[in-house]
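Student: I would like to learn how to read a structure like this one. Can you take me through it, feature by feature?

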Amino acid sequence: MKSILVLGATSAIAVSFCRKLASSGASFFLLGRNQERLRVVAEDLLVRGALSVETRVVVPGDFSSLRAGMTEGLPSGGIPDLFLAAQGLLPLHEECEKDPFLLGEVFQVNAVEVMQATLLAAAEFERQGHGDCVIIGSVAGDRGRRGNYVYGAAKASLETFCDGLRQRLEPACRVLLVKPGPVDTPMTAHLAKGVLFTTPEKVARDIMAALGRDSGVLYTPFYWRWVMGLIRLLPARIVKRLRA
Amino acid sequence: MTLHTKTLYSWGRRKTSGSKVFPLSWRGDLLPSGAGKLLPYGMGRSYGDSCLLDDGCQIETVGLDHLIAFDAASGVIRCEAGCTIASLLEFAVPRGWFVPVSPGTKFVTLGGCLANDVHGKNHHTAGTFGCFVTRFGLRRSDGLEMECSPGENSGLFHATIGGLGLTGLILWVELKLKRIFGPFIRQRMQKLKGLDSFFEVARREDNNVEYSVAWLDAGHAGDPRGLFIAGNHCSEEMKPSPYSADTRLSLPVVLPDFAMGTWSINLMNTAFYQANAHRSADRTVHIDPFFYPLDAVGHWNRAYGKKGLAQYQFVVPMEYGPEALSETLGKVQASRQTSFLTVVKLFGSVPSPGLLSFPRPGVTVCFDFPFLGERTLKLLDDLDRTVFSCGGALYPAKDFRMSRESFERSFPRHQEFKQYIDPAFSSNFAQRTGLTT
């Protein structure tokens, strides 16, 4: 019986992941922005066999509300076995370029709040001597790209963060950075869907498998490890000529 | 939210033009306003154009897939309308429950099953999908959420069942599941030879079997031949087994048009007949190959090439069955076109609950042709003459070409239905058949 704490619990990847654990009778503490949507997810998990589900609304951009939510979900005595940070915001890139003010929100949602919450969880996990952190990054963070480098930069910061945190917490606690390729979710509804798109169910399945394997970085689907490996090796001279 | 223009396809590869899409994943959300006419779009498994709307806004419902409540004692489940049968089975089968009525694919949403009042191999014992729906929620374009059941908003209840998505957005469905003891079916196959055998065997066997369908080798010249495929759920107690809705194989690209030419289809039909006509009659099979044989290959419709396929399904009263079957089969063969999957089924007498439900007592026949443009359209017009001279009806879920007159002859309660249409909703099918403007 596991106990799971989730930030961004109404995201499609989080919902798919929680559903996989619900049937084995896990308990959940869900943080999100929208009470009504949290309630819908909670009902769904309960029907699927979750032992218990609690929800709290976290106000975006308000650290005290994030801390309050996390503190309630992390009662000292150490209950959660796993913390999942799945909140994300994919802006229209052109709008970010026109209005750099938007960049603040992109970093706030994708990076700052994710790291803040993870630090709160890490402190508790360190104290209780176990607990895994699963953080949703993106292949977009592996190398800057003309069409989404603002989002990519925010996701890239998670990698450095996870590298360091892993050194701090392992071996007692694991830190898994998940880098999905494009996923067909409400967040990407405005993008044209190509053959490279995968489903949140597939991402959730891969996360479950990776947790059993003790890996630090998960590319999902697996081929992104090779694709991004090659792209990372491209010399900067060539990369700056790419316009994709 | 910004709306984006996107081309949507139906399973027969008809497509939209100039339509925007609005993904709706939360049942508390309102419908988009000022985006033109609306139509829900689930898995796009309707074959024709009843799931498509040009120059409007299609509400994508696959994200609307949360379970709401389940009573493990009675098997009544309430879930959002974008849930697919596949995902429902993943939940229900390990708990010993099954969908009470299942169409030929599990990759359909429950909202779609309700809006087309679909039928399955157990129509002769169970009736349609709508017969097991106890209640549902409907979002109208004025923002109201209406709860509909036989006792509450009953007009809208009967209009929405089989209502082709025109009465509003179905938000959730409450459904009575069927108890099973495991994911297996005891299947029996027997050879059918001669036209009369299609009716005799079915009439005799349908008293003993829960599921039945006859497959017909449409390319075979001479006496019609086929296979009668029947089954019952295995009744032995089995331990709960996991169930996965994954498709292992998928056709990644659209094949060239000649891939499903007359020659190759006839070859495949002959091969299927020969492979099954001589094997032992009784076998235990998994529910997937029994109910959803085509789901084994994802995107199988791509085999039909860019032009897609044209399904044609009709029902005629029982007494005209043999006549209608032999006449339509003759016309198909005379036109030198061929049908890959031809099925014949006797509908039972359980009344369908919807104003526009297609199933009614009689014989239903379904052809599926590679779409050859004008030639296929001419053949279908010719088949219409047989169907309507026998007092029959056509199935909207498979149609992309029936005229207003054909529609009104098929569905005598169309006038009564119109009062329940949501004024903001429409579809290409509804416009062609005069349901909406």
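**Reading the two chains**

Tutor: Start with a loop. A:Asp214 is found in the loop between α7 (200-213) and β7 of chain A. Keep in mind throughout that this is a predicted model.

Student: What is the phi of A:Asp214 near?

Tutor: The general idea comes before the case. Most residues other than glycine have a negative phi, and most peptide bonds are trans. Phi of A:Asp214 is near 70°, a positive value in a residue that is not glycine.

Student: Which residues of chain A does a cis peptide bond join?

Tutor: A:Glu170 and A:Pro171 are joined by one, with omega about 5°. A:Pro171 sits in the loop between α6 and β6 of chain A. A cis peptide bond also joins A:Thr220 to A:Pro221, with omega about -10°. A:Pro221 belongs to the loop between β7 and α8 (223-233) of chain A.

Student: How should I read the sheet in chain A?

Tutor: Strands of a sheet pair through backbone hydrogen bonds, either parallel or antiparallel. In chain A, seven strands form an open sheet with parallel pairing, in the order β3-β2-β1-β4-β5-β6-β7. Its edge strands are β3 (52-57) and β7 (217-220) of chain A, each pairing on one side only. From one strand to the next, the twist averages 15°.

Student: How many bridges join β6 of chain A to β7(A)?

Tutor: Strand β6 (residues 175-180) of chain A and β7(A) run parallel and are joined by four bridges. For a point of reference on screen, look for A:Leu177, which stands opposite A:Val217 in β7(A).

Student: Which helix of chain A packs on the sheet and touches β5 and β6 of chain A?

Tutor: That is helix α6 (residues 149-169) of chain A, which touches β5 (132-136) and β6 of chain A. The direction of α6 makes about 155° with that of β6(A). Helix α3 (residues 63-73) of chain A lies across β1 (3-7), β2 (27-32) and β3 of chain A, and runs at about 180° to β2(A).

Student: How many helices and strands does chain A have, and what is its radius of gyration?

Tutor: Chain A has nine helices and seven strands. A compact globule of 244 residues would have a radius of gyration near 18 Å; chain A has 17 Å, so the two agree. The C-alpha trace of chain A spans about 55 × 35 × 35 Å along its principal axes.

Student: What is the strand order in the open sheet of eight strands in chain B?

Tutor: The order is β16-β12-β14-β13-β19-β20-β18-β21 (chain B), with antiparallel pairing. β16 (282-286) and β21 (393-394) of chain B are at the edges with a single partner strand each, so one side of each has no neighbour in the sheet. Within this chain, β19 (residues 342-347) and β20 (residues 362-370) of chain B pair in the antiparallel sense over five bridges. B:Val343 stands opposite B:Cys366 in β20(B).

Student: Which strands of chain B does helix α8 lie across?

Tutor: Helix α8 (residues 321-334) of chain B lies across β18 (309-316), β19 and β20 of chain B, at about 10° to β20(B). Helix α6 (residues 262-277) of chain B lies across β12 (184-193) and β14 (225-233) of chain B, at about 55° to β14(B).

Student: What domains does the domain assignment of chain B give?

Tutor: The assignment gives domain 1 (67-180) and domain 2 (184-401). Their centres, taken over C-alpha atoms, are separated by 24 Å. The contact takes 32 residues from domain 1 of chain B and 31 residues from domain 2 of chain B.

Student: How many residues does each chain give to the contact between chains A and B?

Tutor: Chain B gives 14 residues and chain A gives 11 residues. On the side of chain B that touches chain A, strand β5 (residues 67-71) of chain B gives the most, with four residues. By class, that side of chain B has seven nonpolar, six polar and one charged residues.

Student: What does the model score?

Tutor: The model scores ipTM 0.90 and pTM 0.92. For chain B the mean pLDDT is 92, and 97% of its residues reach 70 or more.

Technical notes: Residues are numbered from 1 along each chain as its sequence is written. Chains are lettered from A and ligands numbered from 1 in the order in which they are written. This is a predicted model: local features need pLDDT of at least 70, side-chain atom pairs count only at pLDDT 80 or more; totals for chains, interfaces and linings use all residues. Two residues are in contact if their C-beta atoms, placed from the backbone, lie within 7 Å. Helices (H or I, at least four residues) and strands (E, at least two) are DSSP runs, numbered from the N terminus. Ala, Val, Leu, Ile, Met, Phe, Trp, Tyr, Cys and Pro count as nonpolar, Asp, Glu, Lys and Arg as charged, and the others, Gly among them, as polar. Two strands pair if DSSP finds at least two bridges between them. Axes are lines fitted to C-alpha atoms, for helices over the stretch in contact, and angles run from 0 to 180 degrees between N-to-C directions. Domain bounds come from an automatic or database domain assignment. pLDDT is the predictor's confidence in each residue, from 0 to 100. The radius of gyration is taken over C-alpha atoms; the globule rule is 2.2 Å times the number of residues to the power 0.38.
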